[in-house]
Amino acid sequence: MLRVIFGGTFDPIHNGHVLTSLFAFHLLKGDQLHVMPSAQPPHRDFPGASAAQRLEMVRLAYADQPDVCAEPWELQRERTSYSLLTLQEMHNQWPEDKLVFLLGNDAFAKLHTWHGWQQLLDVAHLAVMQRPHETKEWSSEVQALAQRHQVKEIDKLHQTPNGAIICLPTPEIALSATELRQAMAAHGPWEQHVPAGVADYIKQQQLYQTA
Ligand code: ATP
């Protein structure tokens with residue numbers, strides 16, 4: 001079984017996350033997509049919505065997708081949400097399954113700043129999604145890693161247990177949660193950029209009223 005793990009702050013989850021992750025999941029021919037909010041994001045200040053609210057928004061965003069779950073893994077553990085620790089735990093939990101960690105190109109470009117980044121490929125594959133505007137040049141460390149591990153065919157990810165990096169031709173959607181939080185606080189347009197269930201929840205919970 002091939003499990004695709006999509007981690008993030010999701011504060012809030014938006015159409016950029018949902019459309020690209022579903023596109024990637026189908027390209028990868030995955031069996032299960034785990035969309036996993038982080039508990040305490042190591043790379044940023046504390047988010048605007050609570051962990052439980054971010055998980056609920058993820059659940060609402062993919063409510064019509066039977067192969068997608070809102071993954072509470074990192075919210076159930078009292079530790080910093082390092083992706084490496086999570087993937088190692090998942091690997092122990094499902095030793096027979098393949099894990100593919102899905103991330104945007106902006107995140108991949110600075111992968112070398114992540115805790116234990118060189119060990120990620122010991123337990124998982126990495127799949128990189130396109131992201132316009134935010135796209136940064138890969139760091140020299142990331143370029144070197146890609147040189148050793150990048151593959152062109154998705155089938156490679158099904159044939160090997162871990163250790164491959166693939167760049168996926170996902171649609172480019174120029175959206176970020178930061179822009180949406182700012183638009184909400186400024187009473188600008190935002191509703192069309194999140195799934196309808198998420199928009200209703202944000203209004204009902206009165207989230208993101210200040211920037
Ligand atoms: P923020 O603006 O608050 O930093 P964000 O919109 O970048 O939020 P995150 O929760 O930080 O969202 O991102 C989670 C993952 O989703 C990261 O791997 C990121 O690269 C990816 N991602 C976010 N937005 C997009 C998008 N529009 N297209 C493709 N990938 C995206």
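# Close-up views of a predicted model

**View 1. Arg54 in helix H2.** Arg54 lies in helix H2 (residues 51-61). The structure is a predicted model, in which local features need pLDDT of at least 70, side-chain atom pairs count only at pLDDT 80 or more, and totals for chains, interfaces and linings use all residues. Residues are numbered from 1 along each chain as its sequence is written. Helices (H or I, at least four residues) and strands (E, at least two) are DSSP runs, numbered from the N terminus. Arg54 is buried, with 25 other C-beta atoms within 10 Å. A residue counts as buried if 20 or more other C-beta atoms lie within 10 Å of its own, as exposed if 12 or fewer do, and as partly exposed in between, with C-beta atoms placed from the backbone. Between Arg54 and Met36 there are 18 residues in sequence and 9.5 Å in space, C-alpha to C-alpha.

**View 2. The open sheet.** The sheet is open and consists of 6 strands in the order S3-S2-S1-S4-S5-S6, with parallel pairing. Strand S3 (68-70) and strand S6 (165-167) are at the edges; each has a single partner strand, so one side of each is left without a neighbour in the sheet. From one strand to the next, the twist averages 25°. For this angle, axes are lines fitted to C-alpha atoms, for helices over the stretch in contact, and angles run from 0 to 180 degrees between N-to-C directions. Two strands are taken as paired if DSSP finds at least two bridges between them. In general, strands of a sheet pair through backbone hydrogen bonds, either parallel or antiparallel.

**View 3. Strand S1 and its two partners.** In S1, 5 of the 7 residues are buried, so the strand is largely enclosed by the rest of the structure. S1 runs parallel to S4, and 5 bridges join them. Val4 is placed opposite Val100 in S4. S1 also pairs with S2 in the parallel sense, over 6 bridges. Arg3 has Gln32 of S2 as its bridge partner, and Ile5 stands opposite His34 in S2. A right-handed β-α-β unit is made by S1, H1 and S2. Right-handed here means that, with the strands pointing away from the viewer, the path from the first strand over the helix to the second runs clockwise.

View 4. S2 has 5 of its 6 residues buried, so it is largely enclosed by the rest of the structure. S2 and S3 run parallel and are joined by 3 bridges. The bridge partner of Leu33 in S3 is Val68.

**View 5. Strands S5 and S6.** Strand S5 (residues 125-129) runs parallel to S6, with 3 bridges joining the two. Ala127 is found opposite Ile166 in S6.

**View 6. The shell around the ligand.** The ligand has 18 residues around it, of which Gly8, Gly16, Gly104, Ala177 and Thr178 come nearest. A residue is near a molecule or strand if its C-beta atom, placed from the backbone, lies within 6 Å of it. Two or more residues of the shell come from each of H1, strand S4 (98-104), helix H4 (105-109) and helix H8 (177-185). H1 contributes the most, with 3 residues. By class, the shell has 7 nonpolar, 8 polar and 3 charged residues. In these classes Ala, Val, Leu, Ile, Met, Phe, Trp, Tyr, Cys and Pro count as nonpolar, Asp, Glu, Lys and Arg as charged, and the others, Gly among them, as polar.

View 7. Ala177, Leu180, Arg181 and Met184 are the buried residues of H8. Seen down the axis of H8, these buried residues fall within an arc of 100°, so they line one face of the helix. The arc is that of the directions from the helix axis to the C-beta atoms.

View 8. Pro12 is in the loop between strand S1 (2-8) and helix H1 (15-27). The peptide bond that leads from Asp11 to Pro12 is cis, with omega near 5°. Lys29 is in the loop between H1 and strand S2 (32-37). Its phi is near 55°, a positive value in a residue other than glycine. Lys29 is exposed, with 12 other C-beta atoms within 10 Å. Gln206 is in the segment after helix H9 (196-205). The phi of Gln206 is near 55°, again a positive value in a residue other than glycine. Gln206 counts as exposed, with 7 C-beta neighbours inside 10 Å.
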